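Here is a set of questions and answers on one structure. Look at the sequence and the model before reading on.

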Amino acid sequence: MSRIVYVNGEYVAEEQAKISVFDRGFLFADGVYEVSSVLQGKLIDNQGHLTRLKRSLSELAMEAPVTDDQIQQIQTALIEKNNLQEGLVYLQITRGAADRDFAYPAGVKPSLVMFTQSKNVIDNPQALTGISVITTADIRWQRRDIKTTGLLAPCMAKMLAKSAGADDAWMIEDGFITEGSSNNAYIIKADGTLVTRQLGTEILAGITRKAVLKLAAEESIRIEERPFSVEEAHNAAEAFISSATAFVMPVTSIDGKKIADGKPGKLTRKLREIYIQTALKSIM
Ligand code: PDD
């Protein structure tokens, strides 16, 4: 069945949606995006995503074509039009169409594209088994704090993982894990301390990360925000990732090495459960 998508002011069937071949998003990946999850037809933590979108835009001196309220209205309209119960709403703002030139001209009109995608976020079978990750060099650019559509390096990392028979890749810089291909990375040490890389230009400030760290603190889990090495990860008691579409997802093997007994860890399962309960409460 065809979806209704949003393109620059119009709701159209996905086959009818059009964007210029001169759009700088297409030519230069000159654009930013956000992914908000949807449970029971409602957006989760959307304000956080809109706030981060504003920051990404401002770092690139780009303007949003509509207000936050309007974005939220379009997100809600798409959820309704597509009868989406569980999954995500994707939104992308690109600089717009202009003759191809590395320097963008003044006054170019930004494009806004939005669509929904259905996905079992809660009853994801991988949450029961955990996922496997490989580690690979982080070859991305140096402003990973900006959520741009320039995602070729993470796509390559993910494909490398798939061809190695794994589910995802954790990226390494100077011997330390930065983050997953499209998620934040965490380990839990034998003493129960949760370790995840500190915020900075090396990683994306995950909206789910913020929520997870708050919930972990409320559970009196000790938190260390610092770089952790591949060796530390291999020897961790538990490991997991977080993102708007994975929530908290156990990692049960790294580079083919089982994490502890190779089953989702106790604290990880607890954090996933609390995260889901809190998300569901927020929409009641
Ligand atoms: N990715 N780090 C990277 C590199 C990401 O691409 C993402 C999200 C995250 C987690 O951020 P959040 O918790 O706000 O989703 C961390 C989205 C889901 C994607 O690209 O599909």
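**Loops, ligand, helix and cores**

Q: In which loop is Asn-8 found?
A: This is a predicted model. Asn-8 is not a glycine, although its phi is positive, about 40°. Asn-8 is found in the loop between strand E1 (4-7) and strand E2 (10-13).

Q: Is Asn-8 buried, partly exposed or exposed?
A: Buried needs under 20% relative accessible area, and exposed needs over 50%. Asn-8 has 38% relative accessibility, so the residue counts as partly exposed.

Q: Is Asp-174 buried or exposed?
A: Asp-174 lies in the loop between strand E8 (168-173) and strand E9 (176-180). Its phi is positive too, about 50°, and Asp-174 is not a glycine. The cut-off for exposed is over 50%. At 71% relative accessibility, Asp-174 therefore counts as exposed.

Q: Which side chain has an N or O atom 2.6 Å from an oxygen atom of the ligand?
A: The ligand is surrounded by 19 residues; the closest are Tyr-33, Glu-179, Ile-207, Thr-208 and Ala-244. The side chain at 2.6 Å from a ligand oxygen is that of Tyr-33.

Q: How much of the ligand's accessible area does the protein cover?
A: On its own, the ligand has 480 Å² of accessible area.

Q: Which residues of H3 are buried?
A: Helix H3 (residues 68-81) has 14 residues. Its C-alpha span is 20 Å from first to last, close to the 20 Å expected. In an α-helix, residues three or four places apart point the same way, because there are 3.6 residues a turn. The buried residues of H3 are Ile-71, Ile-74, Gln-75, Ala-77, Leu-78 and Ile-79.

Q: Which residue with a positive phi follows H3?
A: The phi in question is near 50°. The residue is Asn-83.

Q: Which element supplies the largest share of the largest nonpolar core?
A: The core has 22 residues, and Leu-39, Leu-194, Val-212, Phe-240, Leu-271 and Tyr-275 touch the most other members. Strand E10 (184-188), helix H6 (207-218), strand E14 (247-254) and helix H8 (266-282) each supply at least two residues. The largest share, six residues, comes from H8.

Q: How many residues are in the second, separate core?
A: This core includes Leu-50, Val-66, Ile-74 and Val-89. Ile-74 is also among the buried residues of H3. The number of residues in the second core is 21.

Key:
Residues are numbered from 1 along each chain as its sequence is written. This is a predicted model: local features need pLDDT of at least 70, side-chain atom pairs count only at pLDDT 80 or more; totals for chains, interfaces and linings use all residues. Side-chain values use heavy atoms; hydrogens and water are left out. A nonpolar core is a set of buried Ala, Val, Leu, Ile, Met, Phe, Trp, Tyr and Cys residues joined through side-chain atoms within 4.5 Å. Buried means under 20% relative accessible area, exposed over 50%, partly exposed in between (1.4 Å probe, protein chains only). Helices (H or I, at least four residues) and strands (E, at least two) are DSSP runs, numbered from the N terminus. The expected span of a helix is 1.5 Å times one less than its number of residues. A residue is near a molecule or strand if one of its heavy atoms lies within 4 Å of it. A polar contact is a pair of N or O atoms within 3.5 Å; within protein, one must be able to donate a hydrogen and the other to accept it, and residues adjacent in sequence count only if both atoms are side-chain atoms. Accessible areas come from the Shrake-Rupley method with a 1.4 Å probe; for residues, only the protein chains shown count as cover.
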